[in-house]
Amino acid sequence: MPIVKEVILQLSFTLIPFVFFHLYYRDKATNYSRRFILGTSTLCLFLAMSFSASVVEGIIFDIRYVVLFFALVFGGIKIGLIVMAEFIAYRMYLGGEGALAGILIVIYNFFLSIPIANLYRQHRGAMVTLVVGIFFSIEPLILTYLFFPDYVMEHFLFHISVIPVQNCLGTCLLLTLFKKSAEEKSVFLQHAQNEKMTTMSHVAASLAHEVRNPLTTVKGFLTLIKETPDDTAKISQYITICLHEVQRTESILSEYLSISKPITARSERVNVSEQLVLIREVMIPFANMNNVELMLYKPDTPLYVTANPDAFKQVLVNFIKNAIEACSDTQFGRVTLTLHSVDTDIILEIEDNGIGMDQEQIKRLGSIYFSTKTSGTGLGLTYSYRVIHLMGGQIAVNSKPNAGTTFILTLPRQAETAG
């Protein structure tokens, strides 16, 4: 029974990279890094070696081969070498009769694992994972027998059960679960980026149409200036109008560029009132193109939150764009943005008079790949939900079919005097 507990403990250590991946990268807009692989592999290795399985003092068995192979596959040779060096140092510290043999076996096994790791990267199927697991079950057992034949035969049952179970199951568990999680994260990030690019292309198309209006105005007044070069008063008036149109166009384009730029990992004080005004300016051309009126009601005093400004802008664009599209086929379509504060919270209501949703659709909002649009992936809302929750906020939805929808975003308010 103690052996079973030791095996279960070792197998639980193999889940450390998988668990930490979900905890650390759940709300991040990046996938795992080599530092993460090194850190989790190191923790996993030290815990496994500290609480290893053994029947004779000084000769220990753990999931070192699993950890080394994991570091090689997902971190590369450099990370693998660092993990192997950590193993050697810690094994020498632990000492015992099997220290030298264990170190030699690991070094041999490491270099043998390099081509196997390359093969695994090319064919990451379940069968390949199983074959790798079986290999790490048999090969260390054979090498251990070469160093300690009498010891292996004396404890034969232990070696044909514990070592294969630890290495085979450990390899299958760690590689399968981590690979699946990393691939899903990669697909999500790719689709989220594609969703953002699609949103920006739609907004850009409407902006291009809208920018033609002030350019036409400027062109017209420049023509008038050319025709009446001696009328100083009119020329001054025309130039003032032209400058106003150019500045308005420049402001809209600048804000569009700030929204479309890549999202960086930072957090700062954001004026929600100011952001809403700027985003509304950017989205008005898109609303006009869809025959939708876009209205904004906000208090005169600024309201602040702590957020990533780039991510927060993208969230506002996602919600407003969805609201506009929801009522694009509605006569007298209207989207209303209402901002106010209640106690220590900021409330932003995004209301449309569009097609609405039923209760089943509302429950699935924010779920990956769910969308009420036939051509949508749902990743825009999934991303938006994650950002709001990461800010410590909440999202409530009120909607009925053919009666419009209201998204209620509740965000923790930052004091105005905060630095």
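**View 1. The hairpin of strand 8 and strand 9 in the predicted model.** Strand 8, residues 394-399, pairs with strand 9, residues 405-412, in the antiparallel sense over 6 bridges, and within this pairing Asn-398 stands opposite Thr-406 of strand 9. The covered face of strand 8 carries Ile-395, Val-397 and Ser-399, whereas Gln-394, Ala-396 and Asn-398 make up the uncovered face. Between the two strands of the hairpin lie 5 residues, and Asn-402 takes a positive phi near 65 degrees.

**View 2. Helix 4, residues 64-75, and the glycine that follows.** The 12 residues of helix 4 should span 16 Å at 1.5 Å a residue, and because the end C-alpha atoms are 16 Å apart, the model agrees with that expectation. Helix 4 is mostly covered, with 12 of its 12 residues buried, among them Arg-64, Tyr-65, Phe-69, Phe-70 and Phe-74. After helix 4 comes Gly-76, which has a positive phi near 95 degrees.

View 3. Two or more lining residues come from each of strand 2 (59-61), helix 4, helix 6 (99-122), helix 7 (126-147) and helix 9 (156-227). Sorted by class, the lining of the largest cavity has 9 nonpolar, 5 polar and 3 charged residues.

Notes: Residues numbered from 1 in each chain as written. Predicted model: local features only at pLDDT ≥ 70, side-chain atom pairs only at ≥ 80, totals over all residues. Heavy atoms only, no water. Buried < 20%, exposed > 50% of the residue type's maximum accessible area, 1.4 Å probe, protein only. Helix = DSSP H or I, 4+ residues; strand = E, 2+ residues; numbered from the N terminus. Pairing = 2+ DSSP bridges. Expected span 1.5 Å × (residues − 1). Nonpolar A, V, L, I, M, F, W, Y, C, P; charged D, E, K, R; others polar.
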